[in-house]
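Biologist: Could we go through this model together? I would like to start with the overall picture and then turn to particular residues.

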Amino acid sequence: MNAHEIDYHIYGEEMQYVEIELDPQEAVVAEAGSFMMMDSDIKMDTIFGDGSNQDTGVLGKLFSAGKRLLTGESLFMTAFLNIGHGKKQVSFASPYPGKIVPIDLSEKGGKFICQKDAFLCAAKGVAVGIEFSKRLGRGFFGGEGFIMQKLEGDGMAFVHAGGTMAKKTLAPGEVLKVDTGCIVGFSQTVDYNIEFIGGIRNTVFGGEGLFFATLRGPGTVYIQSLPFSRLASRVWAAAPRGGGKDKGEGSILGGLGDLLDGDNRF
């Protein structure tokens with residue numbers, strides 16, 4: 001497998017985007033909805049699956065698309081091909097505040113495992129598949145980490161981490177315990193499992209869920225401080241209920257406080 005060799009530059013701090021430079025006939029594939037802007041000589045095409053086996057016939061295309069369907073993603077991806085004569089740029093934006101992480105698969109042994117919604121884009125030729133759990137505990141209790149995506153090939157791929165990203169390098173046998181939703185991805189040498197927190201008070205009153213992930217080295221692990229599910233739940237909890245009434249956040253006076261502090265919207 002030989003993916004297209006692409007150059008890139010990441011811009012921004014909290015709401016980042018990645019600009020990818022394509023030589024003539026080079027292409028990049030991306031998740032639907034991540035496109036930001038592109039030069040005029042770049043052709044956009046919707047394809048089945050990830051584009052890594054477009055020359056293998058109908059069955060190959062259906063198999064590639066079927067793998068994505070199992071992870072809850074769209075059957076289709078978008079390919080951006082430079083049909084011009086010089087270098088051209090195409091850019092992709094992160095879906096919410098966080099960091100874009102470049103992953104060179106040739107330095108990861110040809111495989112990287114990530115959360116199913118972390119993948120942003122990759123050089124054409126990178127295969128985007130699923131990493132099935134081999135342990136019963138992961139299947140029943142893994143939550144967001146149950147079905148992971150795997151990125152395979154020898155090219156560049158880009159994943160998104162919400163909030164602030166932490167990169168941990170684990171020594172052989174070293175264990176890191178993580179909230180399942182906070183995992184962005186890890187190298188294929190890392191052993192991943194689900195562990196029960198334990199304790200009645202932790203279970204009933206802890207508010208952190210019943211299980212966390214254990215990651216055992218050797219290998220590299222990427223952790224995010226703000227999973228999208230956590231962000232969405234906080235927004236939903238703070239949303240107005242029943243006739244537009246809000247929680248009066250920021251003032252013990254509630255709606256009256258909003259009038260006093262200049263928020264006069266009705």
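This is a predicted model: local features need pLDDT of at least 70, side-chain atom pairs count only at pLDDT 80 or more; totals for chains, interfaces and linings use all residues.

Modeller: Residues are numbered from 1 along each chain as its sequence is written, and side-chain values use heavy atoms, with hydrogens and water left out.

Biologist: How many helices and strands are in the chain?

Modeller: The chain has five helices and 19 strands. These are DSSP runs numbered from the N terminus: helices are H or I with at least four residues, strands are E with at least two.

Biologist: What percentage of the residues count as buried?

Modeller: Of the 266 residues, 42% are buried, meaning under 20% relative accessible area; exposed is over 50%, and partly exposed lies in between (1.4 Å probe, protein chains only).

Biologist: Which residues have the most contacts inside the largest nonpolar core?

Modeller: They are Ile20, Phe92, Cys121 and Leu151, in a core of 37 residues. Such a core is a set of buried Ala, Val, Leu, Ile, Met, Phe, Trp, Tyr and Cys residues joined through side-chain atoms within 4.5 Å. A second, separate core has 15 residues, including Tyr192 and Leu215.

Biologist: What does lysine 88 touch?

Modeller: Not counting residues up to four places away in sequence, lysine 88 touches Ile20, Glu21, Leu22, Asp39, Asp41, Ile42 and Asn82, where contact means heavy atoms within 4.5 Å. Lysine 88 lies in strand β7 (residues 88–93).

Biologist: Turning to the surface, which residues form the nonpolar patch?

Modeller: Phe35, Met36, Met37, Met38 and Met44 form it, with about 430 Å² of accessible area together. Areas come from the Shrake-Rupley method with a 1.4 Å probe; for residues, only the protein chains shown count as cover. Like charges are joined within 9 Å, and nonpolar side chains (Val, Leu, Ile, Met, Phe, Trp, Tyr) within 5 Å.

Biologist: And where does methionine 44 lie?

Modeller: Methionine 44 lies in strand β5 (residues 42–48) and is partly exposed, at 47% relative accessible area. Strand β4 (residues 35–38) gives the largest share of the patch, four residues.

Biologist: Which residues does the cis peptide bond join?

Modeller: Glycine 217 and proline 218, with omega about 15°. Proline 218 is in the loop between β18 (211–216) and β19 (219–224).

Note on methods: Patches are made of residues with over 30% relative accessible area and no salt bridge: like charges are joined within 9 Å, nonpolar side chains (Val, Leu, Ile, Met, Phe, Trp, Tyr) within 5 Å. A salt bridge is a side-chain nitrogen of Lys or Arg within 4 Å of a carboxyl oxygen of Asp or Glu.
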